[in-house]
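User: I have a model to go through with you. Can you walk me through its contacts and secondary structure?
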Amino acid sequence: MGSIIIYATIMVNGMISAIEYKGTSFYSDAECIEFLEKNNTHINQTLANHLEKNEPNSVVLFIGCSERDKFYNSNEHST
């Protein structure tokens, strides 16, 4: 199993992309989900601040955990 990361799927101007929550990676889904649950408010606020500054017309579709190598995004960003 590869490195597990927190990511958000967002829609900007009709295009969907994923951004990685910087500075964190985990060894298991359970560890990642536990971190998401404990730090939900901070993660959501950090994401909102990043999007307000960089992609003000964006909509968050999903925040979750995934193996880093399971998705590809040519426009990948970190928050």
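Analyst: Terms come before contacts. A salt bridge here is a side-chain nitrogen of Lys or Arg within 4 Å of a carboxyl oxygen of Asp or Glu. Lysine 70 and glutamate 67 form such a bridge, with their closest N and O atoms 3.9 Å apart. The model is predicted: local features need pLDDT of at least 70, side-chain atom pairs count only at pLDDT 80 or more, and totals for chains, interfaces and linings use all residues. Residues are numbered from 1 along each chain as its sequence is written, and side-chain values use heavy atoms, with hydrogens and water left out.

User: Is lysine 70 buried or exposed? And glutamate 67, buried or exposed?
Analyst: Lysine 70 is exposed, at 60% relative accessibility. Glutamate 67 is buried, at 14%. The cut-offs are under 20% relative accessible area for buried, over 50% for exposed, and partly exposed in between (1.4 Å probe, protein chains only).

User: How many salt bridges are there by that rule?
Analyst: Three. One of them joins the side chains of arginine 68 and glutamate 20, at 2.4 Å from N to O. Arginine 68 sits in the loop between strand 3 (58–67) and strand 4 (77–78), and glutamate 20 is in strand 2 (residues 15–20), so the pair ties together parts 48 residues apart in sequence. Helices (H or I, at least four residues) and strands (E, at least two) are DSSP runs, numbered from the N terminus.

User: How accessible is arginine 68? And glutamate 20?
Analyst: Arginine 68 is partly exposed, with a relative accessible area of 37%. Glutamate 20 is buried, at 10%.

User: What does glutamate 34 pair with?
Analyst: Lysine 38, with the closest N and O atoms 2.9 Å apart. Both lie in helix 1 (residues 29–38), four residues apart, which is about one turn of the helix. Glutamate 34 is partly exposed at 40% relative accessibility, and lysine 38 is exposed at 62%.

User: Switching topic. How many disulfides?
Analyst: One, taking a disulfide as a pair of cysteine sulfur atoms within 2.5 Å. The disulfide joins cysteine 32 to cysteine 65, S to S 2.0 Å. The pair links distant parts of the chain: cysteine 32 is in helix 1 and cysteine 65 in strand 3, 33 residues apart. The link is left-handed, with -90° about the S-S bond. Cysteine 32 is buried, with a relative accessible area of 0%.

User: What does cysteine 65 pair with across the strands?
Analyst: Its bridge partner is isoleucine 6. Strand 1 (residues 4–12) and strand 3 run antiparallel, joined by nine bridges. Two strands pair if DSSP finds at least two bridges between them.

User: How many bridges join strand 1 to strand 2?
Analyst: Six, and these two also run antiparallel. Threonine 9 has alanine 18 in strand 2 as its bridge partner. The two strands form a hairpin with two residues between them, and asparagine 13 in the turn has a positive phi of about 50°.

User: How many residues of strand 1 are buried?
Analyst: Eight of its nine, so strand 1 is mostly covered.

User: Now helix 2. Which residues are buried?
Analyst: Ile43, Leu47, His50 and Leu51.

User: Which exposed residues are on the face turned away?
Analyst: Thr41, Glu52 and Lys53.
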